[in-house]
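Hi there,

Here is the structure I said I'd pass on.

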Amino acid sequence: MSKPDKPVSPLSLAEAMAILMALPENNKEGFLNIAEHMGNFTGVFATGASRATAVRERMNSAGEFGLATLKTDMNRTFREIGTTITALDSMAGKNTALLNRLAKAVEWGYSLEQDAILPPISDQIKVKSGDALELQSLASILDNLLHQIRPLIAELISGCQQTHALISHLNRRMVADLESSRQGLQRLKKQTQHVLTTMTHQVGEISIVCRDMEKRSQTVNAMLGELVQAMQYDDITAQRVSHAVITLGQVEEKMLLLSQQENLRPWVVLAMRIVVDQLEESSADLVTALQTIQHELTRISDHAVDQAKGVQQLRGVGLDFRQAVAELTHHLNSALRLGIFDEGLPGEFLRVVSQAENGIFQAKRAMSAIALSAGRMENLAGSLRNRGNERMQILTGTILELSHRVQQEKDTVQLELTSAAESLHQISNIFMEQVMPILMRNNAMLRRMPLSVQQVDNHNTDNLAALADNLAEAQSTVIQIMLLAAEMTFHVRFKKQVQKVVEGLQEMIHEYSGGKDLEGDLASLAAEFQDLAALYTMDSERRILQQALNLDSDATPAPPAEDDGFELF
């Protein structure tokens with residue numbers, strides 16, 4: 001047969017007071033654990049907000065990470081490249097005019113060369129004539145002049161043709177480079193504008209996320225204020241429990257006197273009922289406070305999750321920003337590959353201009369010699385025109401016509417050559433004074449701009465590194481709150497122990513009251529509860545006391561003015 005269960009010993013007042021005195025220390029450890037974490041939570045969001053503020057300030061001071069300066073430099077560079085293309089267009093137009101002048105000089109030279117192809121005049125002189133020796137001498141000189149003028153004409157043609165070929169080749173290259181550069185510049189403008197617009201939007205996203213972090217810190221601070229209010233129940237509960245212990249101490253003293261003073265029994269019963277009500281309400285208030293704490297911690301955890309998501313969003317934006325930086329760098333390097341930035345163009349231009357100047361100088365010198373020889377030929381041919389045979393007269397007449405043509409057209413040809421030299425000089429000045437400085441400046445700026453772009457990327461990298469700490473701290477906060485919530489079980493023990501004491505006291509109340517309600521006017525006992533009324537300094541304690549005695553609030557004595565040793569909130 002099984003043995004009957006051993007009866008549970010009733011709880012004594014001493015045991016009840018011992019249990020109650022141990023409870024505040026248990027609660028304090030739990031509340032201290034929460035308080036320690038609260039400081040960490042405050043620091044996490046405050047530090048995160050400080051980093052976000054630093055990022056925004058850096059963005060503002062650098063002008064959107066330096067994008068504002070980069071946009072200005074890029075627009076100025078593209079505008080100057082457009083100016084360079086316009087100057088090169090002007091050069092191409094002058095090249096065309098120069099080529100037309102050279103073409104006219106070449107055409108004139110070919111025509112003159114054709115007319116200068118004549119048989120020797122000295123072969124037409126008959127030896128038998130009386131003045132044969134004189135005529136022979138004059139004819140030989142004239143033949144020699146004709147012989148000299150033909151190479152000069154060829155030199156004129158050669159100089160003009162050489163210059164024409166050089167300028168034509170340079171002009172074709174410039175036109176091709178201009179066309180490709182014009183199209184490439186328009187394409188680069190659109191591409192870089194698109195990339196810069198994208199990067200500006202990305203900077204705006206970073207700014208929005210940083211502002212959210214700053215606002216989140218303020219929100220969490222407000223939540224921590226709610227936590228602080230709930231944390232006050234540590235001291236409030238400890239004070240109410242201590243008052244219960246004091247009351248039970250008085251109950252214990254009066255119980256010892258019951259054998260001699262039976263009239264103390266109502267006071268003992270009422271005092272224990274008051275303690276029961278006080279303990280039950282304290283337990284309920286403590287549970288409510290912890291529920292509030294858990295609710296606020298959950299909200300803080302949600303904000304920490306949002307903080308982590310914000311940083312992860314910034315990581316994505318940062319990676320896209322880095323991709324945009326790489327794309328922008330590629331476009332800027334492409335600008336350096338425009339035809340007008342061909343490193344061989346300045347050297348070729350200077351070489352062509354130098355050779356062209358030599359060619360025009362050669363043509364001008366040949367033209368001067370042709371004019372001089374034509375003048376001498378005109379004089380000699382005039383002295384021979386009416387002498388000698390008919391054949392000789394025809395030849396001298398042809399030479400006179402050739403000489404007259406040279407004398408009449410030499411100024412026109414020389415003007416064309418002079419104008420060609422001036423056009424070449426103007427082209428050289430445009431290139432050296434307008435085009436070349438801008439090309440050099442643009443080249444330097446385009447080579448420097450990738451460094452500026454890299455600086456922008458460095459800002460982005462620094463900011464991501466700074467905000468990465470926010471991610472780690474936010475994730476750590478979520479985990480800490482999870483662990484803290486799991487550790488917040490001390491109220492369970494408090495509630496269990498309070499319930500144990502309450503049950504013990506209720507048994508005592510039943511025992512000392514005989515299971516009956518107290519008879520008589522309870523209000524008459526109010527004077528005897530003056531000491532408890534003075535002890536209960538909190539409104540909740542005084543309210544329970546009033547309910548137990550069926551008294552109005554005005555009938556309950558006010559608490560003492562002196563400090564009772566407890567810090568109230």
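Let's start inside: phenylalanine 349 and phenylalanine 431 are both buried, where buried means under 20% relative accessible area, exposed over 50% and partly exposed in between, using a 1.4 Å probe and protein chains only. Before you go on, note that this is a predicted model, where local features need pLDDT of at least 70, side-chain atom pairs count only at pLDDT 80 or more, and totals for chains, interfaces and linings use all residues. Residues are numbered from 1 along each chain as its sequence is written, and side-chain values use heavy atoms, with hydrogens and water left out.

Back to those two rings. Their centres are 4.0 Å apart and their planes sit at 25°, so phenylalanine 349 and phenylalanine 431 are stacked. (Rings of Phe, Tyr and Trp, the last by its six-membered ring, pair if their centres lie within 6.5 Å; planes under 30 degrees apart are stacked, over 60 edge-to-face, the rest tilted.) The count by this rule is 1 aromatic pair. Phenylalanine 349 is in helix H6 (residues 344–384) and phenylalanine 431 in helix H7 (residues 390–487), so the pair ties together parts 82 residues apart in sequence.

Overall, the protein chain has 10 helices and 0 strands; these are DSSP runs numbered from the N terminus, helices being H or I with at least four residues and strands E with at least two. Of its 569 residues, 48% count as buried.

Happy browsing!
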